Amino acid sequence: MADKKLSKVEGIKGDSQYLRGSIKEDLLSDAPQVSSDNFQLLKFHGTYQQDNRDERKGGSKSYSFMVRSRIPGGRVTAAQFLAELDLSDKYGNQTVRITDRQGFQLHGVVKGDLKSTIRGINESKLSTLSACGDVCRNFMCCPAPFHNSPIHDEMQALAKKLAMHFAPKSSAYSETWLTDEDGEKTKVAEVNFVEPIYGKTYLPRKFKFGIALPEDNCVDIYTQDLGLMTIVEEGKIIGYNVLVGGGQGMTPAKKETFPAVGKRLTFATTEQIVEVCEAIVKVQRDFGDRVDRKFARMKYLIHNWGLEKFKAKVEEYYGASLPEPHPTDVTDADDHMGWHEQGDGKLFLGINVENGRVKDEGDFRLKTAIRVLLNKYGMDTRLTALQGMILCDIDPADKADIESILKEHGIALADELSLSRRYSISCPALPTCGLAVTESERIMPGVMDEFDALLKEYGLSDERVTVHMTGCPNGCARPYTPDVGLVGKARGKYTIYLGGNAQGMRIGFIYADMVPQEEIVSTLSPVFARYKSERNENEAFGDYCHRIGLEALTAE
């Protein structure tokens, strides 16, 4: 790679004095936007500059910022959730979005309010540091607050430990956002400072982690750059199967790009796991593609090298040989919606948040309901990978009152929703995402209305058919692994993928391309008719499509 010109972003990172750039100066300017270099650097600080295409006037862009909180395992106190709601009302667009990576996003923050917003998040003891950018991003983990054994708590503890271990160590973040204007001046990066894991130019591209159980792959570990499957024997965690090379993004214009699921690399004990993860990250740091960012994810390094060569290099960095994976593999996934016993005498309640958008709109007043519940009961909450939320530590005596509050505010309980709607997610897409080519979040409720009607028509309403939609092929809502993936291809048109599954273990195939939005469900109707009559006993829709295959499904 030495004889090839590195991507422009590599130069920006290298010249940034460990993520400082000229961000502080840019924040003081009257312009509504930041420079192109700072546009890239701000991602590492947890914010993306965006342009609201609905609010452009006279050809001028309408700039604002999305601010993302990095929340390991999706664990959020009542005070932190309320703080995000307050910040959205004060500085954002009066909504909070729960992401499919168990974080929060605030949208519509103007540049002049950016520092106050990020500072407010930190004052709640959350952070936006490395929520975006070429680093290890949010560490996902099964959020279910089961306390009948230590397993879930230990998984959550590992997510927090890894998040701290892989967080950037540069003080640029605190200097930029947490220092008073009349306080300490910005420090020049120490000459001898080096990021201990990332080095001067951080990673070639974003890097995603997830931790799950074989029987509950609720965070889709096969779609992560590095997935950890918790192996339990006799009620104790003995270690983790390590999966590498998952990734959902692709670029249609670059035929060599592709979505991928992870490959089973090795088994690591609880004592080894942090060092094994560090070795993997460092191999990607040193050998990932820094010339073309479209090929910079670790899945391409593994594809080009092969798993055997990649494993040998990881062993070299780790300093010892690594065993074969444990034979255990993923068997199921759960959305954790509805009422559950925690195992300690308390209950938890999973609340479906359609497309993750916490808002008040007409008779649907989820934002107000959350405020009422958290102010009254003060319970901890957790965010799910399907953009939902969990209320924890509920006294059984309060169950009826909590249900009543939700119903008063127009919030449906889990048993009032179809499984397909509960397992559906979408990305924000238009109008603010710069990558979106068409709609996703704003049309998904209507698509799911039609989809539910289709399942009812065929007597399949009780089936779990997972549907993920994105407004472009970059794959933020993991659209390539569910039963049905809807991927924006052009304005108002989508590529339909079939043959994935709820467990997130395989990539679907393209069933139809350039399908107009209004024809999505009618295009799927013949497939569901065949599924109804031809499926094996207890065969899921995605499994049926995978077994039958594209040629048979499209044959006359």
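Helix α4 (residues 78-91) lies across β2, β4 (96-98), β5 (104-109) and β13, and runs at about 15 degrees to β5. Contact here means heavy atoms within 4.5 Å. Axes are lines fitted to C-alpha atoms, for helices over the stretch in contact, and angles run from 0 to 180 degrees between N-to-C directions. Helices (H or I, at least four residues) and strands (E, at least two) are DSSP runs, numbered from the N terminus.

The model is predicted: local features need pLDDT of at least 70, side-chain atom pairs count only at pLDDT 80 or more, and totals for chains, interfaces and linings use all residues. Residues are numbered from 1 along each chain as its sequence is written, and side-chain values use heavy atoms, with hydrogens and water left out.

Now the sheet. It is open, with 5 strands in the order β1-β2-β5-β4-β13 and antiparallel pairing. β1 (47-51) and β13 (357-358) stand at the edges, each with a single partner strand, so one side of each has no neighbour in the sheet. Two strands pair if DSSP finds at least two bridges between them. β1 and β2 (residues 63-69) run antiparallel and are joined by 5 bridges. Tyr48 has Met66 in β2 as its bridge partner.

Next, a helix pair. Helix α11 (residues 366-377) packs with helix α12 (residues 399-408) at an angle of about 155 degrees, their axes 9 Å apart. That makes α11 roughly antiparallel to α12 (angles under 35 degrees count as roughly parallel, over 145 as roughly antiparallel, 65 to 115 as roughly perpendicular and the rest as oblique). On the α11 side, the contact is made by Ala369, Val372, Leu373, Lys376 and Tyr377; α12 brings Asp401, Ile402, Ile405 and Leu406. By class, this contact of α11 with α12 has 7 nonpolar, no polar and 2 charged residues (Ala, Val, Leu, Ile, Met, Phe, Trp, Tyr, Cys and Pro count as nonpolar, Asp, Glu, Lys and Arg as charged, and the others, Gly among them, as polar).

A second pair follows. Helix α15 (residues 520-534) and helix α16 (residues 541-548) pack at about 95 degrees, with axes 11 Å apart. α15 is therefore roughly perpendicular to α16. Val527, Phe528, Arg530, Tyr531 and Glu534 of α15 make the contact with Phe541, Tyr544, Cys545, Arg547 and Ile548 of α16. The classes here are 7 nonpolar, no polar and 3 charged residues.

Finally, the whole chain. Its secondary structure comes to 17 helices and 22 strands. The C-alpha atoms fill a box of roughly 70 × 55 × 55 Å, taken along the principal axes.
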